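Welcome! Please take a moment to look at the sequence and the 3D view, and then read through the notes that follow.

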Amino acid sequence: MLKHYLKSEKIKYLFWGVVTTLVYFVVRFISMGLLHQAMLPVLIAQIVTVLFAFVVNKFFVFSTDQNRHILVQLWRFIAGRLFVAGIDFLLTYIMIERYSGVFIHLLRLDTINFQLFPFGLSWVHRWIYDSISLNSVIAVFLIQIIAIVANYFISKFMIFD
């Protein structure tokens, strides 16, 4: 029974979704660190992640009889991911670029002492050193949760059905 459950489509999607999300985070945070801005890292992370996600979804997650040609699936996959990337860009703009002060105030991030644990740890402080950087990290995680859910439904019902 456990073996059957572990082979279910939702568990495979969840596993590969976590791996894809890790790829996204690594690419996005490295890009943010190197480029010192918010929007271009979204584009870079989306391109890398879309290609990775197509391969794992096509060959490891959705194992139904897929009658569509691989190029049709790739095109639909890219279109679906572009839609979700648009949501990513929009929410990044709203939560980080345009209205970060509102979110910082609402979440009371401006009251945090970034010299205390865990922010005082050098590897944490490299990424989260003030309320603006913490807001960015929180926003990226929230946006990814939305993206994972949207991508599942798009992949399941529009691409690999």
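**A serine, a threonine and their helices**

Ser-100 has its place in helix H5, which runs over residues 100–106. Keep in mind as you explore that this is a predicted model. The chain holds seven helices and zero strands, and the points below start with Ser-100 before moving on to other parts.

- Is Ser-100 buried or exposed? Ser-100 counts as buried because its relative accessibility is 15%, and the cut-off for buried is under 20%.
- A polar atom in the side chain of Ser-100 lies 3.5 Å from the backbone oxygen of Ile-96.
- If you set aside the neighbours within four places in sequence, Ser-100 is in contact with Ile-94, Met-95 and Asn-135.

**Thr-21, another buried residue**
- Thr-21 is found in helix H2, which covers residues 9–35.
- With a relative accessible area of 11%, Thr-21 is buried.
- What does the side chain of Thr-21 reach? It reaches the backbone oxygen of Gly-17, at 2.7 Å.
- Not counting residues up to four places away in sequence, Thr-21 touches Gln-144 and Ile-148.

**The whole chain**
- The C-alpha trace spans about 55 × 35 × 30 Å along its principal axes.
- The chain has 161 residues, and 39% of them count as buried.
- Take the contacts in the chain with a separation of 6 or more: 69% of these come from residues 24 or more positions apart.

**How H3 and H4 pack**
- Helix H3 (residues 39–61) packs with helix H4 (residues 70–98) at an angle of about 145°, and their axes are 9 Å apart.
- The crossing in which H3 passes H4 is right-handed.
- Which residues meet here? From H3 they include Met-39, Val-42, Leu-43 and Phe-54, while the H4 side includes Ile-70, Leu-74, Phe-77 and Tyr-93.
- Sorted by type, the residues of this contact between H3 and H4 are 14 nonpolar, four polar and four charged.

- An unreviewed UniProt entry carries the annotation "transmembrane region" for residues 12–31, 43–62, 74–96 and 136–154.

**Backbone details in the loops**
- His-36 lies in the loop between H2 and H3. Its phi is positive, about 55°, although His-36 is not a glycine.
- Why does His-36 count as exposed? The reason is its relative accessibility of 67%, as the cut-off for exposed is over 50%.
- Arg-108 lies in the loop between H5 and H6. Arg-108 has a positive phi near 60° and is a residue other than glycine.
- Arg-108 is exposed, with a relative accessible area of 54%.
- Pro-118 also lies in the loop between H5 and helix H6 (122–125). Look here for a cis peptide bond, which joins Phe-117 and Pro-118 with an omega of about 0°.

Note on methods:
Residues numbered from 1 in each chain as written. Predicted model: local features only at pLDDT ≥ 70, side-chain atom pairs only at ≥ 80, totals over all residues. Heavy atoms only, no water. Axes fitted to C-alpha atoms, helices over the stretch in contact; angles between N-to-C directions. Helix = DSSP H or I, 4+ residues; strand = E, 2+ residues; numbered from the N terminus. Left-handed = near helix turned anticlockwise from the far one by under 90°. Contact = heavy atoms within 4.5 Å. Nonpolar A, V, L, I, M, F, W, Y, C, P; charged D, E, K, R; others polar. Buried < 20%, exposed > 50% of the residue type's maximum accessible area, 1.4 Å probe, protein only. Polar contact = N/O pair within 3.5 Å; in protein donor to acceptor, adjacent residues only side chain to side chain. UniProt positions renumbered as here; feature names shortened; annotations may be inferred.
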